[in-house]
Amino acid sequence: MNHFNATLVVFYESQKYFFKHIYKEHPISFISFFVLSMLSAGIPAILILLNKNTIDTITKLGTDSSYYKYALSLLLLNFVLQYCEAFIRTIEKYLLSRMAQTVNFVLKKMMLSKLIYMPLEEYENNRFFDRINLANSAISGNGIKVIGSIIGVLRNLISLISVFVILLTIHWTMPIALFLSTLPGIILIFIVKLKNYKMAVSTSAVSRELEFTDSLFINKSSIKELKLFGLGPYLIGRWSILYKQIQKKNLDVEFWEAKTQVLAVLFLQLASLGVSVLLVIQITQNNLTIGDYVALLGSVVTVQAIFSSIGGNLGSIFETAIFNEALIEILNYQEKGHADKKALTYEIEKIQKIELKNISFSYPSNKQKVLDDLSLTFNKGEKVSIVGYNGSGKTTLIKCLSGLYEVTDGSIYVNGIDTRSIKKENYFSFISAIFQDFFKYKFSIRDNIGFGDLKKREDDSHIYRLLKHVNLYDKVNSLDHLLETYLTREMPDGEDLSGGEWQKIAIARGFMKDADLIILDEPTAAMDPVSELEIFRIFNELSKDKTSITISHRLGPTKYADRIVVMDKGKIVEEGNYEELMLRKGLYYEMYISQLSWYQDTNIDEVTYGK
Ligand SMILES: Nc1ncnc2c1ncn2[C@@H]1O[C@H](COP(=O)(O)OP(=O)(O)OP(=O)(O)O)[C@@H](O)[C@H]1O
């Protein structure tokens, strides 16, 4: 019962969204759809009456030819009504599709605008991906259809009542027999819809893995590894297992549906038989004419069709309601603090100083502390390098500092203000970052660089200046479509870049924005040594008056940093400039010497192989 109530609430909530947007976007279409549906509601009952009269008139034609014209006009009326009904159905379908497309567009847009504000932590949670999949089904699958279904139920009820009134005048048992015969079918539709939903929920994680495995065969980066490591047959095997898992669940539902359907059809046929027997008895008692008989048999089919349509409509309403639960959850999402507007009143004008005070952080999927009671200050204009072994928490620190993750404990202050009370967009506007897993947009060069600062996306001279800085000017200039060249071979005249060139593009994107704080997380991993030096030179030049943080495993360039922060297991273990840290002979010194040994033949064997 609780589940039913919850479903009703979600249904009501989602309909508010749908109605609001349909009415706002297409008032005329909506009203026309409603009026046409109501107009067509009486047609089945009229057709039954008309059929009865037509047949009675035709049977009289043999003895009295004066009925000829009357019979013809009845046939004509029958034709006109049937045609009108078909015509109305076509118009309704078009109107519904028109409204559906707009509403789907509006809802999808609303959902995307909500997703951009979702905290990154949500993306660590598999339930979140399930919700998104279900919400997408609610939008593209059948979001709007429910409006058509509600109106459909209303129309069908009117049709049903009018047909029942006609049936009642013939014999009182007939409406009851018809109702009972179609009831199992309606219940079946409901249960099938519920089973489908449960199946969609239970298979969504498997479906995602299936989708991912599938995509490995059409992705250029993965296909290389598939070929080289001979992964094809193995992955096809894994894909088959996942496919069969989903197929089995689908077939189980279908088999169950078929079994129940057989039973429902039996009920239906028994009821039809009962009605026919009743009619025959009535005819033998001279209570019915042939017209009554034919019309009544026709009405059996009509009523069954109406009932099954109501069942379909109600089932679709029910299914939509349960799928919409996920959609409503996303659309109703409130950014933390947005609910309490006062909490996010601060807007800063510049980043002067950032202080991390006793911060700790754990990823939602793992309780272990990745950052552990860490305190650090970044002063305006300072150039700080963060170093440490893999997994020491450098990238996580950057993600917390830049506001992408909320720290679990402690606080981050900017100009003395707790970042929790600063508007996120305002804070983001002063920060630029190039992450080690920067994104390669399958869009144009202009987009790939211009996305760093949309206000300057059309500023060709600014983009070309950056391209010169990152040594890509000549390359871009030699392309037929210059800045409009797509960076993917999947598009006509698209271009492919090397790993290092992509990195340069990402760096240009990072510098596109005139940020107060620039973060470079392992920015030069795929670069040749000359380009690497070049990038650090450009970086130092461009970030002269800014605060900068770099994370790099190559320790050479850290020599020039104002301060080096050494991290280990989520803690800061050393802090100071190059000279200080070398004198301390701690972790930094150890890492530095071990890197240096690569370039000093005498030490390589000793450091690397312990010889
Ligand atoms: N999304 C995540 N969910 C759970 N754990 C994560 C996630 N991202 C990173 N971690 C874990 O957090 C720890 C620190 O990762 P982080 O990427 O911050 O280290 P890092 O110092 O930047 O490493 P690297 O030098 O290899 O880039 C690692 O143990 C990693 O497994």
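In strand β5, Asp 418 is the bridge partner of Tyr 413. That bridge belongs to the pairing of strand β4 (residues 409-414) with β5, which is antiparallel and runs over 2 bridges. Two strands count as paired here if DSSP finds at least two bridges between them. Strands (E, at least two residues) and helices (H or I, at least four residues) are DSSP runs, numbered from the N terminus. Helix α11 (residues 394-401) packs on the sheet, where it touches β1 (353-361), β2 and β4, and its direction makes about 120 degrees with that of β1. For that angle, axes are lines fitted to C-alpha atoms, for helices over the stretch in contact, and angles run from 0 to 180 degrees between N-to-C directions. Touching comes down to contacts, and two residues are in contact if their C-beta atoms, placed from the backbone, lie within 7 Å.

The sheet itself is open and has 4 strands in the order β2-β1-β4-β5, with antiparallel pairing. Its edges are β2 (371-379) and β5 (417-418), each with a single partner strand, so one side of each has no neighbour in the sheet.

Now for the bookkeeping. The model is a predicted one, so local features need pLDDT of at least 70 and side-chain atom pairs count only at pLDDT 80 or more, while totals for chains, interfaces and linings use all residues. Residue numbers start from 1 along each chain as its sequence is written. The chain has 20 helices and 10 strands. Of its 611 residues, 29% are buried. A residue is buried if 20 or more other C-beta atoms lie within 10 Å of its own, exposed if 12 or fewer, and partly exposed in between, with C-beta atoms placed from the backbone. Contacts reach well along the chain, too: among those between residues at least 6 apart in sequence, 76% join residues at least 24 apart.

Next come the parallel pairings. Strand β7 (residues 517-521) has 5 of its 5 residues buried, so the rest of the structure largely encloses it. Leu 517, Ile 519 and Asp 521 point one way from β7, Ile 518 and Leu 520 point the other way, and all are buried. Strand β6 (residues 431-434) runs parallel to β7 and is joined to it by 4 bridges, with Ala 433 and Ile 519 as bridge partners. β7 also pairs with strand β8 (residues 547-551), in the parallel sense over 5 bridges, and here Ile 518 stands opposite Ser 548.

β8 in turn pairs with β3 in the parallel sense, over 4 bridges, and Ile 386 has Ile 551 of β8 as its bridge partner. Strand β3 (residues 383-388) is mostly covered, with 6 of its 6 residues buried. Lys 383, Ser 385 and Val 387 point one way from β3, while Val 384, Ile 386 and Gly 388 point the other way. Strand β9 (residues 563-568) pairs with β3 as well, in the parallel sense over 5 bridges, and Met 567 of β9 stands opposite Gly 388.

Some of these residues turn up again in the largest nonpolar core, which has 58 residues; Ile 359, Ile 386, Cys 400, Leu 466, Ala 508 and Ile 519 have the most contacts inside it. A nonpolar core is a set of buried Ala, Val, Leu, Ile, Met, Phe, Trp, Tyr and Cys residues joined through C-beta atoms within 7 Å. Helix α16 (residues 499-512) gives the most to this core, 6 residues. Setting aside neighbours within four places in sequence, Ile 519 is in contact with Ile 398, Ser 402, Ile 431, Ala 433 and Ile 549. There is also a second, separate core of 23 residues, which includes Ile 22, Ile 317, Ala 326 and Ile 330.

Then there is the ligand. It is surrounded by 13 residues, the closest being Tyr 363, Asn 390, Lys 394, Thr 395 and Thr 396; a residue counts as near if its C-beta atom, placed from the backbone, lies within 6 Å. Helix α11 provides the largest share of the ligand shell, 3 residues.

Finally, a look at the backbone. Most residues other than glycine have a negative phi. Asp 373, in strand β2, has a positive phi near 50 degrees, and with 14 C-beta neighbours inside 10 Å it counts as partly exposed. Leu 482 also has a positive phi, of about 45 degrees, and its place is in the loop between α15 (473-477) and α16.
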